[in-house]
Amino acid sequence: MHQTEHHAVPHDRQGRRRRLTVVLALVTGAVLTPVVSVAGTAQASTSTILRPTSSEHVDARQSSTTVLSPATRSTRRPFPKPTKTPTPTPSGPVAPHAPVGMWVASSPEVAPQFCQSTTAPLVRTTSPVLGVNSGAPAYNTDRPNLQAAFEVSRASGEPLLAQNVAFVGSLARFQMPDGILTDGAYRLRARAVDGTAVSEWLPWCAFTVDSSDSVGVPGVPDTLRISTGPYSGFQQCGGAGGDPVMGTGDSVTLAASPTPYIVGVTYPNLSATFEIGHPGEEPLIRRTDAVWPSGLVFGLGVAPGTLAPGSYQFRVRAEDGNVASAWSPWCGFTVTA
């Protein structure tokens, strides 16, 4: 009969107990705390019990794995959304719009000679009138103190006069005083001024003064006529067929011939002023146009629809610098619907 041998396996049993204890600790989150055995310190290092973790340990573990709510995530963007840079506010006054249409005239009674024309203005007096326009009405609204600042100098650049003039409506003009200009070459510029706010200067405008009597008065224009279209020919004023007739939708040209016919040399700045109106009434239209490049025709275009049906008349005179001819006879015409 065999005797069963019983082998003591205390160390293996203890190993299995320790492993079970570690697994339970991993599952429950408990902290393994050594327990000092009453039997002696030799067994203290191998005996452990499970103890629940303190609230401090739990908070520490949670803080490292906390999932942020949507509201919290919105305040912790890694890249902040860029903000729009505000538009800087001007620190000084807003400048007025620059004026337009600077001109020179020999006197208030004759047509101005504009600086942007191909021919530099020529005036027949040492006291010409200088003017400029403020431009479209929307340019300088709400500026009751708007002025035009003029500067006049010799062609060499030597300054002669600086003058500020208030705008009356859209026009600012003044007449040069005596004793400043003599016959010769000059230049003019202007800008808009409103208190401390100023516009840019207009480009310099060259003009010439010639006050000699070498140029006489141009002749009275003649052969007044009207055309109702580019291919319709001309109806002569005072002809045997009666007064010219046109429709409200026609593209009308009023024309006359300068005298003498060779005007390019004798009158380098020759132009004509037309007046249109009803018989016996003040003119409705008054406009000045330069002689055509051929030097043989004064012409004024009237757009379709400008004149309502009725009876009208027009006349014309020739001008050069500060000299002007007498008015031509009136030419009557009729506008039909």
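**Disulfides, strands and salt bridges**

Visitor: Is the link of C237 and C331 left-handed or right-handed?
Guide: This is a predicted model, so take the geometry as computed. The angle about the S-S bond is -75° for C237 and C331. With that angle, the link of C237 and C331 is left-handed.

Visitor: How many residues apart are C237 and C331 in the chain?
Guide: C237 is in the loop between β14 (235-236) and β15 (245-247). C331 is in strand β22 (residues 331-336).

Visitor: What S to S distance does the model give for C237 and C331?
Guide: The cut-off for calling a disulfide is a pair of cysteine sulfurs within 2.5 Å. C237 and C331 are joined by a disulfide, and their S to S distance is 1.7 Å.

Visitor: How many disulfides turn up in the whole structure?
Guide: Besides C237 with C331, a disulfide joins C115 to C205, with an S to S distance of 2.1 Å. Number the bonded cysteines in sequence order and the pairing reads 1-2, 3-4. A search of the whole structure puts the number of disulfides at two.

Visitor: Which strand holds C205?
Guide: The link of C115 and C205 is left-handed, with -85° about the S-S bond. This pair links distant parts of the chain, 90 residues apart. C115 is in the loop between β4 (113-114) and β5 (122-123), while C205 is in strand β12.

Visitor: And C205, is that buried or exposed?
Guide: The limit for buried is under 20% relative accessible area. C205 has a relative accessible area of 3%, so C205 is buried.

Visitor: Over to the strands: which are the edge strands of the open sheet?
Guide: Four strands form this open sheet, in the order β14-β13-β16-β19, with antiparallel pairing. An edge strand here pairs on one side only, and that goes for β14 and β19.

Visitor: What is the bridge partner of I226 in β14?
Guide: Strand β13 (residues 222-227) pairs with β14 in the antiparallel sense, over two bridges. In β14, I226 has as its bridge partner Q235.

Visitor: How many salt bridges are there?
Guide: Side chains of opposite charge can pair when their charged atoms come close. The cut-off is a Lys or Arg side-chain nitrogen within 4 Å of an Asp or Glu carboxyl oxygen. By this rule, the number of salt bridges is eight.

Visitor: Which residue forms a salt bridge with R189?
Guide: The closest N and O atoms of this pair are 3.0 Å apart. R189 is in strand β10 (residues 184-194), and its partner is in strand β7 (residues 147-154), 38 residues apart. That partner is E151.

Visitor: How far apart are the closest N and O atoms of D289 and R287?
Guide: D289 counts as partly exposed at 23% relative accessibility. R287 is also partly exposed, with a relative accessible area of 38%. The two form a salt bridge, and their closest N and O atoms are apart by 3.2 Å.

Visitor: Is E319 buried or exposed?
Guide: E319 forms a salt bridge with R317, the closest N and O atoms being 2.8 Å apart. R317 is buried, with a relative accessible area of 12%. For E319 the relative accessible area is 2%, so E319 is buried.

Definitions and conventions. Residues numbered from 1 in each chain as written. Predicted model: local features only at pLDDT ≥ 70, side-chain atom pairs only at ≥ 80, totals over all residues. Heavy atoms only, no water. Buried < 20%, exposed > 50% of the residue type's maximum accessible area, 1.4 Å probe, protein only. Pairing = 2+ DSSP bridges.
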